[in-house]
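Subject: Structure handover

Hello,

Here is the structure you are taking over. Please open it alongside this message and go through the notes below with it.

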Amino acid sequence: MDEIKTPCLLYDEQCPLCKRFAQSLQRIHLKTKIHYYSIYNEEVYKQLPFLNKDEVFDEVHLVLAANKSAVLRGSHAVQFLASENPAVKKFAWLIESEMGQKAMDVFYTGLNKCRKTL
């Protein structure tokens, strides 16, 4: 039984879009080292019992630390990951603005609908 390390991104390895997203993130330099785990890995739910499996299957989860209050979901997880890329720092004001957050929500919602149809 391997230890589940945080911060970690939980992704759907059976979804081509999700798998590609995780692979792309692994190739870029982020300020924080992120660990990647499949949502089908039962060990995740044993070691992080505060996670709701149905919710994890419904949208992307980024677990920053091994406690319930340190979980980012959906577009909030994507915003965090974008802010961790030094190349995105120039555009941080776009992401952090109210309009930027709404745009990220719309973008994520569309991608999540696409994922569910796949």
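This is a predicted model: local features need pLDDT of at least 70, side-chain atom pairs count only at pLDDT 80 or more; totals for chains, interfaces and linings use all residues.

Strands. Strand S1 (residues 8-11) and S2 run parallel and are joined by 4 bridges. One of the residues involved is Tyr11, whose bridge partner in S2 is Ser38. S2 is covered on both faces: His35 and Tyr37 are buried on one side, Tyr36 and Ser38 on the other.

Helix H1. This helix has 12 residues, 16-27. At 1.5 Å a residue it should span 16 Å, and its end C-alpha atoms are 17 Å apart, which agrees. Its buried residues include Cys18, Ala22 and Leu25. Seen down the axis of H1, the buried residues fall within an arc of 60°, so they line one face of the helix. On the face turned away from the buried side, H1 carries the exposed residues Pro16, Arg20 and Arg27.

Helix H4. Here 7 of the 10 residues (the helix covers 74-83) are buried, so H4 is largely enclosed by the rest of the structure. The buried residues are Gly74, Ser75, Ala77, Val78, Gln79, Leu81 and Ala82.

Aromatic pair. A search of the whole structure gave 1 aromatic pair. The ring centres of Tyr40 and Phe57 are 5.2 Å apart and the ring planes stand at 85°, so the pair is edge-to-face. It links distant parts of the chain, 17 residues apart: Tyr40 sits in the loop between strand S2 (35-38) and helix H2 (42-47), and Phe57 in helix H3 (residues 53-58). Tyr40 is partly exposed, at 30% relative accessibility, and Phe57 is partly exposed as well, with a relative accessible area of 29%.

Cysteines. How many disulfides does the structure hold? There are 0. A disulfide is a covalent bond between the sulfur atoms of two cysteines. For Cys15, the closest cysteine sulfur is that of Cys18, at 3.1 Å, which is too far for a bond; the cut-off used is 2.5 Å. Cys15 counts as buried, at 5% relative accessibility, and Cys8 is buried at 0%.

Regards

Note on methods. Residues are numbered from 1 along each chain as its sequence is written. Side-chain values use heavy atoms; hydrogens and water are left out. Helices (H or I, at least four residues) and strands (E, at least two) are DSSP runs, numbered from the N terminus. The expected span of a helix is 1.5 Å times one less than its number of residues. Buried means under 20% relative accessible area, exposed over 50%, partly exposed in between (1.4 Å probe, protein chains only). The arc is that of the directions from the helix axis to the C-beta atoms. Rings of Phe, Tyr and Trp (its six-membered ring) pair if their centres lie within 6.5 Å; planes under 30 degrees apart count as stacked, over 60 as edge-to-face and the rest as tilted. Two strands pair if DSSP finds at least two bridges between them.
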